[in-house]
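Work through these exercises with the structure open beside you. Try each task before reading its solution.

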Amino acid sequence: MPPADSPGDRLAALRRLQGELRACRRCPRMQGPPVHGEAALSPVLLLGQAPGRREIQQHRPFCWTAGRTLFGWFSGIGLDEDACRRLVYMSAVCRCWPGGLARGGDRVPTREEVANCAPWWQRELALVRPRLVLPVGRLAITRFLAAPRLDAVVGQQFRVEQEGVAADVIPLPHPSGASTWFRTDPGRLLLPQALALIAAHPAWQEIVSACMQAAPGNAPNPG
């Protein structure tokens with residue numbers, strides 16, 4: 001993809017990329033169609049792990065139990081679900097459902113599947129050019145950081161550079177209903193620290209401010 005410099009060019013390129021993504025069928029075991037968020041040149045990019053069955057059915061990320069938890073976290077720091085979907089660019093390590101396991105839960109994507117999907121989120125990163133990246137869950141976190149344990153990185157902020165984009169990274173645990181990490185110590189203590197860092201970040205404050213200014217009660221008075 002040739003470089004795109006103006007915001008209009010980058011947004012058009014992002015929409016074309018999403019069109020290419022929807023046609024992707026590289027991984028035979030993955031169940032699609034591939035999922036992506038709304039096209040937006042946001043200062044904040046969220047990188048999830050992989051969609052579940054419901055996300056594939058509804059064609060949007062974080063639309064079930066984990067999403068309710070995630071958007072509950074964000075609502076506490078200024079953005080409800082609708083605002084997040086419009087103003088935060090939502091990407092993922094893998095874009096199709098890996099399938100379920102007989103014992104319950106979803107299959108973990110293979111290294112080959114993760115590698116096959118990497119160009120999608122990497123190209124999104126290069127086009128969106130966020131100032132803040134929120135990787136959600138260990139699979140997403142390790143795309144940016146060496147994270148032997150969640151408690152080694154959650155509750156902290158890091159500076160990274162990938163795809164020519166320098167951004168702050170604030171890791172979050174996965175909000176899965178099957179996970180107990182963020183409900184017990186040390187996760188119960190570290191999650192609020194991570195959310196406080198996000199709330200204080202200028203990129204997050206920018207979209208919260210934009211959301212508030214766009215609220216009906218804040219419309220300018222023509223008289």
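Helices (H or I, at least four residues) and strands (E, at least two) are DSSP runs, numbered from the N terminus. Histidine 59, for instance, sits in the loop between helix H2 (53-58) and helix H3 (65-75). Keep in mind that this is a predicted model.

**Exercise 1. Describe the overall fold of the protein chain.**

Step 1: Count the elements. The protein chain has 8 helices and 5 strands.
Step 2: Read their order. Along the sequence the pattern is α-β-α-α-α-β-α-β-α-β-β-α-α.
Step 3: Check the radius of gyration. A compact globule of 223 residues would have a value near 17 Å, and the protein chain agrees because its own value is 17 Å.
Step 4: Look at the extent. The C-alpha trace spans about 65 × 45 × 30 Å along its principal axes.
Step 5: Look at burial. Of the 223 residues, 48% count as buried.

**Exercise 2. Compare histidine 59 and phenylalanine 62: buried or exposed?**

Step 1: Locate the second residue. Phenylalanine 62 also belongs to the loop between H2 and H3.
Step 2: Recall the cut-offs. Buried means under 20% relative accessible area, and exposed means over 50%.
Step 3: Apply them. Histidine 59 has 52%, so it is exposed. Phenylalanine 62 has 10%, so it is buried.
Step 4: Check the backbone. Most residues other than glycine have a negative phi. Histidine 59 has a positive phi of about 60 degrees. Phenylalanine 62 has a positive phi of about 50 degrees.

**Exercise 3. Find the surroundings of histidine 174.**

Step 1: Histidine 174 lies in the loop between strand S5 (165-169) and helix H7 (187-200).
Step 2: The histidine 174 side chain reaches the backbone nitrogen of serine 176 at 3.1 Å.
Step 3: List contacts, leaving out residues up to four places away in sequence. Histidine 174 touches Gln49, Phe62, Ala66, Trp73, Val136, Gly137, Ser179 and Phe182.
Step 4: Link back. Phe62, one of these contacts, is the buried residue of Exercise 2.

Note on methods:
Residues numbered from 1 in each chain as written. Predicted model: local features only at pLDDT ≥ 70, side-chain atom pairs only at ≥ 80, totals over all residues. Heavy atoms only, no water. Rg over C-alpha atoms; globule rule 2.2 N^0.38 Å. Buried < 20%, exposed > 50% of the residue type's maximum accessible area, 1.4 Å probe, protein only. Polar contact = N/O pair within 3.5 Å; in protein donor to acceptor, adjacent residues only side chain to side chain. Contact = heavy atoms within 4.5 Å.
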